[in-house]
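This briefing concerns a predicted model. Please consult the sequence and structure below while reading the points that follow.

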Amino acid sequence: MIAVRTLGALDVTIDGEAAPRELLWRKNLALLLYLALSPDRRRTREHLVGVFWGDKPDSAARHSLNEALRVIRKSGGEDLVTSVGDQVELSADLRLDVTELTELLDAERWGEAAPLMRGPFLEGFAVPDSSAFEDWLATERGAWLDRMGEGLRRHTETRLACGDADEAQEAASRALALDPFSDGAVRLAMLAAAVRGERAGALAIYESYARRLLDEIGIEPDPDTESLADRIRNEREWHLPAPDRDEERWARRVPLVGREAELQAVLEALLEAFASRSPAVMVVHGESGSGKTRLGEEVAIRARLEGAAVSHIRCVPSDREVAWSGLAGLCRGGLAGLSEMPESAGPADPASDLTGLVKAAGSTQPVLLWIDGAQHLDPESARALQSLARDTSGVPCGLLIAAASYPPREEFEDLRTRIGRDVPGVALTLGPLDRDGLRDLARHVLPDLDDEAADRITRRIEADSAGLPLLAIELLTAVRLGLELDEVGGVWPQPLQTMDQTYPSDLPDSVVAAIRVGYRRLSRRAQAILAAASVLHERCSAELLSTATGFEGDELHGALDELEWDRWLVAEQRGYAFVARIVRDVVARDMLTQGQRQRILEASSGT
């Protein structure tokens, strides 16, 4: 069988072997491809003569056509081309990449289609003495560029919705390479880079595109592209110390592996709320360490890049004892400064205040309220959330509640039952990663593993982490940095215990060793600040950490950025908290002496 790769560099094989030279002669090959892409793979002899040999006398032209058909039959078999009267027909015994691509694109199987979209149709191929064929070729190239661009853009959107910004950026870059003047492709490339945390890289993509448009066409990017660039400029700029090797920092910021379906469901509910200008509630449950905060980060980034105001709080156990602390925190978060605080209905009415702020902000832009660690939300705020969706009707607003399964909260169970009945949204639970998810995670962190090694380490990580992404990433990152898992052991968790119920002494040695390895790879300032955070309050302000460590200004904020970027700490307007309590306990127990703990406490109190 003849197989032809037409997208990108032309390649022709017959039963897996190189095609004979005479088939590769330009008009012979052009005739084969023209027939293959004609309606019903059929043309009249008169039409073919006119396309390829219109400059020759009729008898000479028909002789040339017959000779070309002879070469095609000789190469691919007598049955490959048949003639009935004046009709020339090509059989189905010919494989074209564009035929396979069409089937995949029509089925919206973007990921499978992406590898086929290698470059322009018949790149570099031409038949200069056949103007009719050249016109057809130009039309086909344009049509395939459009189809490939659309396919790659849809693939990019799908990967972004699943949290895979790495592949999304690669696909968007390929779409932009195919069509360097596509506003849609450049926006996706910018969006993917921004989701990866590469603010400067995203802006560089925009600036290069803007210069290219101005220099070659004399126009500026469209308003949507300029608006996205403005939003990216307003994104946070990270100030991080230079790592020994860039990939070591990225090893801790892998894509949201194993949570693609959950992220897509939450994003679909949120973006539908924005588009329809109506509230939606997204409730995400899962054990500590299952990836709720990580999923929330992805959702918040996308929301901001869609132009939304995002207000985020991270609850800690002591918040349960402070009435209205949750709603008060949301009021002081990303909504503060967007509008004046509305008048309260009484001496203290945080629920009314928050509703007023959401309505005021929602009149000009979408709003996302994200409550992380909601199992520790104070009861007053938790009960008030049940009426928030009703009171913000007509406002493009999403309420994302991420709560650990322990301790259980009846308020959120009631709210979950209303989703899909009284209020749009989605409720889901994050379970442990299965073996396939852990293997994908291992591939991202340790890309050089062969299949056997990947299977072996996946089994070990599964046993030591119980499938919790937080611990799996710690273990894999530590292996990347030199930890030998064979030298440490243990099985976890204890029966009927969650990570919130587990103490450092209950963790397997491998997990504790991994946390130690990660801690030692931090910069000196980041280690000192993390150590201070582990022995001070559940949530520490930057000012308190500065007092406890003596670091100020750029030194302080650079170290805090490092700890947040590497996902040791979570930040919100009230301060910094550990991503997981168990990590805080390991740092406090294993990385500090009693004397160091005492000195931190004394320094923080000014004594």
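**Sheet and helix packing**

Asp 372 has Ala 402 of strand 11 as its bridge partner. Strand 11 (residues 397-404) runs parallel to strand 10 (residues 367-372), and six bridges join the two.

- Five strands make up an open sheet with parallel pairing, and their order is 9-10-11-8-12.
- Strand 9 (309-314) and strand 12 (425-430) each have a single partner strand, so these edge strands are each left without a neighbour in the sheet on one side.
- On average, neighbouring strands of this sheet are turned by 10° against each other, direction ignored.

**Helices on the sheet**
- Helix 12 (residues 260-276) packs on the sheet and touches strand 8 (280-286), strand 10, strand 11 and strand 12. The direction of helix 12 makes about 160° with that of strand 12.
- Helix 13 (residues 292-305) also packs on the sheet, where it touches strand 8, strand 9, strand 10, strand 11 and strand 12. The direction of helix 13 makes about 165° with that of strand 10.

**The pair of helix 14 and helix 15**
- Helix 14 (residues 325-332) packs with helix 15 (residues 350-362) at an angle of about 30°, and their axes are 9 Å apart.
- Angles under 35 degrees count as roughly parallel, and helix 14 and helix 15 are therefore roughly parallel to each other.
- The crossing of helix 14 past helix 15 is left-handed.
- Helix 14 contributes Leu 327, Ala 328, Leu 330 and Cys 331 to the contact, while helix 15 contributes Pro 350, Ala 351, Asp 353, Leu 354 and Leu 357.
- Of the residues in this contact, eight are nonpolar, none is polar and one is charged.

Technical notes: Residues numbered from 1 in each chain as written. Predicted model: local features only at pLDDT ≥ 70, side-chain atom pairs only at ≥ 80, totals over all residues. Heavy atoms only, no water. Axes fitted to C-alpha atoms, helices over the stretch in contact; angles between N-to-C directions. Helix = DSSP H or I, 4+ residues; strand = E, 2+ residues; numbered from the N terminus. Parallel < 35°, antiparallel > 145°, perpendicular 65-115°, else oblique. Left-handed = near helix turned anticlockwise from the far one by under 90°. Contact = heavy atoms within 4.5 Å. Nonpolar A, V, L, I, M, F, W, Y, C, P; charged D, E, K, R; others polar. Pairing = 2+ DSSP bridges.
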